[in-house]
Amino acid sequence: MNLFKEAIIAKDQLKGVVSPTPLTENTNLSNEFDCTILLKREDLHIVRSYKIRGAYNKISSLTATEKQQGIVCASAGNHAQGVAFSCNLLQIKGKIYMPKTTPKQKIKQVQLFGKSFVEIELIGDTFDDAYAQAVADAKANNKIFIHPFDDAKVIAGQATVGLEILESHQQPIDYIFVPIGGGGLSAGLSTVFKELSPNTKIIGVEPEGAPTMKTAIAAGNNAPLASIDKFVDGAAVKQVGNLTFEICKQYLSDIILVPEGKVCTTILRLYNEEAMVVEPAGALTIAALDFYKDKIKGKNVVCIVSGSNNDIERTAEIKERSLLYEGLMHYFIIQFPQRPGSLKEFVNEILGPEDDITYFQFTKKNNRESAPVVVGLELKNKNDIHAIKTKMTERGFQYNYINEKQDLFNQLIG
């Protein structure tokens, strides 16, 4: 199957169903990086992610018999919304398996788009758990499985993102940054660019806690990872697709890993500066620009903003991860000296006037007078932490700094 030709067919298939999304220059980012930064706003689809492209292209291409059999899929949220929308539009019955960790907002949206045509079942903690159950259901009940990324028709649908970019921007594009989860978007996009704009460098971006494609390419085989950080839920899978692996291995110029905390900082920045609401996967490509700032100066750069299905209930965690990454949030277990006024001394003499105590919890509720205390500090300047540690030592405040002790941190704070 010729994927580029399939992408051209998919473009016609999506007409009247999927509206083209804007490609707009972002002035703040362009000024910061001394280049032209263009954002491909895939977050502005009706289902708020690019996934509708591949889902509709695949489902609409099924035969009448296959549509009658019903479909099943697995998704961490965005693919599910695309499938649900397509099921309702085409009046096909579908069952959608999603991890129990899927944000409530995404689950609600899936039901909203699918209405009476879809049934949702929550299972397991990861996409891979939901995937296994969906595949078993499809096999046992003779349903059509709609893969979220490792399917030629799905990849061809996602590839239409690339066709739109090249149609709407006449000047050469030097770099394009694309998020990688299972690899459907990166495989489709890179196929189009290698055909129509071969000099463009295609930079894949993965979360640091789920470096699935980068690991697979480095190893030379598509083996699953033993464990992943699920925070960037739209781009966190243990194993990429076999088809997408082969394409990305051939066409991607580089893959960048972005720390989850950096992603969180970017989410907050986009909201505060641009009034843009993006999900963690949607912020990946913009968060990656810092790691390429020297190479992209003076260049034309496209970042794919892949989705905006964020749950407001995650805001506190997003802020916390951002502050930790920026070096502005610090946690200690502190043994206060057994002398009158030691807490007052800590606040007035050790902390700066703009430092805040955001967490204060005794480790022993039945013996508070002598118990150590878990203390969280939010600083205005990350360099102030050195002075705080020095002052605590000089004044006899015994402490254990737990930011860098992940197991202890997760036990007490996480």
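Predicted model: local features only at pLDDT ≥ 70, side-chain atom pairs only at ≥ 80, totals over all residues.
Biologist: With which residue does Glu349 form a salt bridge?

Modeller: The general idea is that side chains of opposite charge can pair when their charged atoms come close. In this structure, Glu349 is paired with Arg395, and their closest N and O atoms lie 3.9 Å apart.

Biologist: How many salt bridges does the structure hold?

Modeller: There are 23 of them. One of these joins Asp12 to Lys15, with 3.4 Å between the closest N and O atoms. Asp12 is partly exposed because its relative accessibility is 48%, and Lys15 is exposed because its value is 56%. Salt bridges may also form a network, as they do for Lys40, Glu42, Arg53 and Glu164.

Biologist: Is Asp137 buried or exposed?

Modeller: Its relative accessible area is 7%, so Asp137 is buried. Asp137 forms a salt bridge with Lys143, the closest N and O atoms being 3.6 Å apart. Lys143 has 24% relative accessibility and therefore counts as partly exposed.

Biologist: Where is Leu62 placed, and which residues does Leu62 touch?

Modeller: A contact is read from heavy atoms within 4.5 Å. Leu62 lies in the loop between α3 (51–60) and α4 (64–69). Leaving aside residues up to four places away in sequence, Leu62 touches Lys67, Ile71, Ile144 and Ile146. At 8% relative accessibility, Leu62 counts as buried. Between the C-alpha atoms of Leu62 and Cys248 there are 26 Å, and the two residues are 186 residues apart along the chain.

Biologist: Cys248 is in α11. At what angle do α10 and α11 pack?

Modeller: The packing of two helices is described by the angle and the distance between their axes. For α10 (residues 212–219) and α11 (residues 242–251), the angle is about 75 degrees and the axes are 10 Å apart. Angles of 65 to 115 degrees count as roughly perpendicular, so α10 is roughly perpendicular to α11. Met213, Ala216 and Ile217 are the α10 residues that meet Thr244, Phe245, Cys248 and Lys249 in α11.

Biologist: Which residues of helix α6 are buried, and what covers them?

Modeller: In helix α6 (residues 104–114), the buried residues are Gln105, Lys106, Ile107, Gln109, Val110, Phe113 and Gly114. Their cover includes α5 (78–90), β4 (94–98) and β5 (118–122). After α6 comes Lys115, which has a positive phi near 50 degrees.

Biologist: Which residues make the nonpolar surface patch?

Modeller: A patch is made of residues with over 30% relative accessible area and no salt bridge. Here, Leu343, Val347, Ile357 and Phe360 make a nonpolar patch of about 300 Å². The elements that contribute two or more residues to this patch are α15 (342–350) and β12 (356–362). Leu343 is found in α15. The relative accessibility of Leu343 is 42%, so this residue counts as partly exposed.

Key
Residues numbered from 1 in each chain as written. Heavy atoms only, no water. Patch = residues over 30% accessible without salt bridge, like charges linked within 9 Å, V, L, I, M, F, W, Y side chains within 5 Å. Areas by Shrake-Rupley, 256 points an atom, 1.4 Å probe, with all protein chains shown as cover. Salt bridge = Lys/Arg side-chain N within 4 Å of Asp/Glu carboxyl O. Helix = DSSP H or I, 4+ residues; strand = E, 2+ residues; numbered from the N terminus. Buried < 20%, exposed > 50% of the residue type's maximum accessible area, 1.4 Å probe, protein only. Axes fitted to C-alpha atoms, helices over the stretch in contact; angles between N-to-C directions. Parallel < 35°, antiparallel > 145°, perpendicular 65-115°, else oblique.
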